[in-house]
Amino acid sequence: MSTRIRVLDEGVINRIAAGEVIDRPFSVVKELVENSIDAKSTAIRVDIERGGKKLIRVRDNGTGMSHDDAFLALERHATSKLTSEKDLISIATMGFRGEALASIASVSRLRLITCDESDEPGTELLVEGGVLRKAERIGSGRGTLVEVANLFYNVPVRLKFLKENRWESDLIDELITRFALAFPHLGFTYSQDGRLKLDAPPVKSSIERVHTVYSREVRDNLVAIDYAFKDVRVHGHVAKPPYVKSNMRSVFTFVNGRSVRDRLVNSAVMRAFSNLMERGRYPLAILFLEMPPEQVDVNVHPQKAEVRFRKPKVVSDAILNGVHEALMGAPFNPQPIFREPIIPERPYIPIPERKEDPPRERETLVPSRFEAVPLPPAKPSEPEPAALTYAEPGRYASMGVLGQLPGSFLVLHTREELVILDHHAAHERVLFDRLLAIERESVSSECQGLLIPKVLEYSRVEFRALIAHVNLLRRTGFAVEEFGDKEIIVKGVPPWFREADVEDLFASLIEVMLDTGLRGDPTRLNEELLKNIACKAAVKEPSEMHPSEIRALLASLDASSSADVCPHGRPLTVRYPLSEIRKKMGRK
Ligand SMILES: Nc1ncnc2c1ncn2[C@@H]1O[C@H](COP(=O)(O)OP(=O)(O)OP(=O)(O)O)[C@@H](O)[C@H]1O
Ligand SMILES: [Mg+2]
């Protein structure tokens with residue numbers, strides 16, 4: 001009887017397994033640096049050539065290995081970091097599987113030089129494609145050097161999948177940045193094709209490291225976070241909008257010191273920033289999550305880049321609240337934000353008959369577009385600074401108003417600065433915050449009857465989308481009813497909304513309602529709808545503002561949750577320090 005099934009030989013098994021752990025130069029650097037960190041090094045040097053394809057060298061001053069251990073280190077499933085299955089529950093080292101070095105050695109030409117604390121000489125091993133070619137005792141200082149040359153020279157398929165050098169080295173740059181941020185007390189030196197790219201000596205705090213790694217522009221925009229929720233602590237720094245990035249690569253998260261890219265973590269970070277940034281923009285965040293090791297399973301991903309939390313909700317709440325508190329001075333959606341109902345609590349009330357309560361002339365309402373948003377500023381009911389008010393009360397209200405640029409922005413001043421204020425964006429922020437409060441408190445905004453109700457016709461899909469959100473429209477002050485199976489009748493709008501803009505607003509709301517990207521996230525969808533309402537209701541940039549309107553707007557801004565950016569993340573002001581103006585004028 002013949003058999004076609006054969007047990008693979010060890011070399012092939014190793015190469016298959018290596019593919020899981022090592023898929024590009026980036027993963028080699030990651031594994032080697034993690035080993036150096038686990039070996040209690042205080043100085044780690046990384047050199048790469050040609051995107052790491054030609055050479056990766058990692059040298060450290062850690063514990064090193066004895067002669068016998070050096071051989072064992074290259075065996076699969078040989079580790080000094082775990083002894084029993086029990087240890088898997090509370091892993092405190094970066095590595096634990098005992099397969100990284102064996103995997104790297106099976107797909108490259110690897111040289112290991114290591115020496116431990118004993119008086120014995122060091123060891124040099126040379127392995128090619130998993131086969132030991134040379135083993136020698138040599139004189140060497142304490143620590144370890146691993147050189148990986150010609151990665152994937154014996155796995156042409158993998159080689160083909162590598163991208164150009166630049167692309168591969170960009171990944172490694174980012175990785176080294178992550179390590180440098182995560183371990184400020186360790187020194188990192190990094191060079192690329194002989195050019196020094198980072199020289200970060202050991203420092204005491206993560207903010208000192210941030211200063212080495214980032215430009216002044218980033219540093220000036222950072223705010224610190226330190227927030228504890230149950231047994232999760234979140235600390236680190238985030239850049240305050242309007243500082244934004246165009247991709248997610250500047251969100252650095254570390255779970256118990258381990259750099260991870262986790263969907264739950266990322267989405268909590270994004271959520272905390274959701275009303276401060278335009279869509280398609282991303283924050284810069286350096287966040288350290290600390291929790292008892294048994295609260296997190298790190299053994300779920302071949303490259304240990306993902307983790308699983310035992311209590312995901314606690315982790316995401318801690319991040320959300322921590323980031324929000326750092327940005328706004330208050331946790332996300334505290335319970336309750338306002339002690340008193342924001343406006344008298346009443347469900348949607350049908351619009352009064354015209355005879356008894358004639359709608360006011362809308363033209364006479366212009367100044368009250370700002371006052372009429374019927375919400376008082378948030379009043380903290382307890383002494384703690386949890387209310388969503390801006391940290392410096394009266395910041396805007398105390399500014400002097402110089403006027404308005406023709407058909408454009410407002411010009412204000414403080415003692416030290418000339419301030420240009422985008423009044424559309426500012427009004428949008430005020431309205432949005434108040435609409436958000438209405439939603440959170442489940443109360444309804446005032447509604448004002450239209451003299452002539454408006455009938456609007458839609459396609460079936462659009463009609464159904466609008467009707468599905470009719471309660472949100474009613475709570476925000478729009479009196480809408482179904483009229484047949486494709487039309488709706490608008491009988492009233494909130495006092496702060498221009499009747500003429502209704503059709504335009506509903507068209508943009510429908511667009512958001514039909515956005516497939518938002519369907520799975522009702523909270524975000526609602527927020528997007530409110531942003532649209534705020535945007536359409538806000539005073540337009542060219543409109544001229546009456547001084548009383550300007551004052552009302554400034555006072556409202558001071559009560560706003562984030563008086564620096566509009567709900568889409570655009571800055572509200574551009575500021576020119578008087579000192580700079582004087583300098584430009586040639587004055588001292
Ligand atoms: N730079 C180093 N300094 C001292 N010892 C090292 C160093 N690199 C590796 N070792 C030793 O070699 C062993 C094997 O390393 P390897 O990276 O293959 O596995 P690991 O780190 O234990 O687990 P993992 O596969 O999860 O990384 C380690 O457990 C450690 O004892
Ligand atoms: Mg390792």
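Modeller: Burial is given as relative accessible area, taken with a 1.4 Å probe on protein chains only: under 20% is buried, over 50% is exposed, and partly exposed lies in between. This is a predicted model, in which local features need pLDDT of at least 70 and side-chain atom pairs count only at pLDDT 80 or more, while totals for chains, interfaces and linings use all residues. Residues are numbered from 1 along each chain as its sequence is written, chains are lettered from A and ligands numbered from 1 in the order in which they are written, and side-chain values use heavy atoms, with hydrogens and water left out.

First, the setting. The protein has 588 residues, and 51% of them are buried. Its secondary structure comes to 19 helices and 22 strands, which are DSSP runs numbered from the N terminus (helices H or I, at least four residues; strands E, at least two).

Now the rings. Two rings of Phe, Tyr or Trp (its six-membered ring) pair when their centres lie within 6.5 Å; planes under 30 degrees apart are stacked, over 60 edge-to-face, and the rest tilted. Searching the whole structure gives four aromatic pairs. In one of them, F179 and F188 have ring centres 6.5 Å apart and planes at 20°, so this pair is stacked. Both F179 and F188 are buried. Another pair, F478 with F506, is edge-to-face, with 5.8 Å from centre to centre and 65° between the planes. This pair links distant parts of the chain, 28 residues apart: F478 is in the loop between α14 (470–475) and β20 (479–483), and F506 is in helix α15 (residues 502–513). F478 is buried, at 0% relative accessibility, and F506 is buried as well, at 0%. With F497, these two residues form one aromatic cluster.

Charged side chains also meet rings. A charge sits over a ring if NZ of Lys or CZ of Arg is within 6 Å of the ring centre and within 35 degrees of the ring normal. The charged end of R109 is placed in this way over the ring of Y153, 4.0 Å from its centre. For K163, the ring is that of W167, and the charged end is 4.1 Å from the centre.

Helix α6 (residues 165–182) packs against helix α7 (residues 206–213) with the axes 8 Å apart, at an angle of about 150°. Axes are lines fitted to C-alpha atoms, for helices over the stretch in contact, with angles from 0 to 180 degrees between N-to-C directions. Angles under 35 degrees are roughly parallel, over 145 roughly antiparallel, 65 to 115 roughly perpendicular and the rest oblique. The helices α6 and α7 are therefore roughly antiparallel. T177, A180 and L181 of α6 make the contact with S206, R209, V210 and V213 of α7, contact being heavy atoms within 4.5 Å.

Finally, the loops. Most residues other than glycine have a negative phi. R50 has a positive phi, near 50°, and lies in the loop between β1 (43–49) and β2 (55–60). Its relative accessible area of 49% makes R50 partly exposed. N256 also has a positive phi, of about 45°, and lies in the loop between β11 (251–255) and β12 (258–260). At 31%, N256 is partly exposed.
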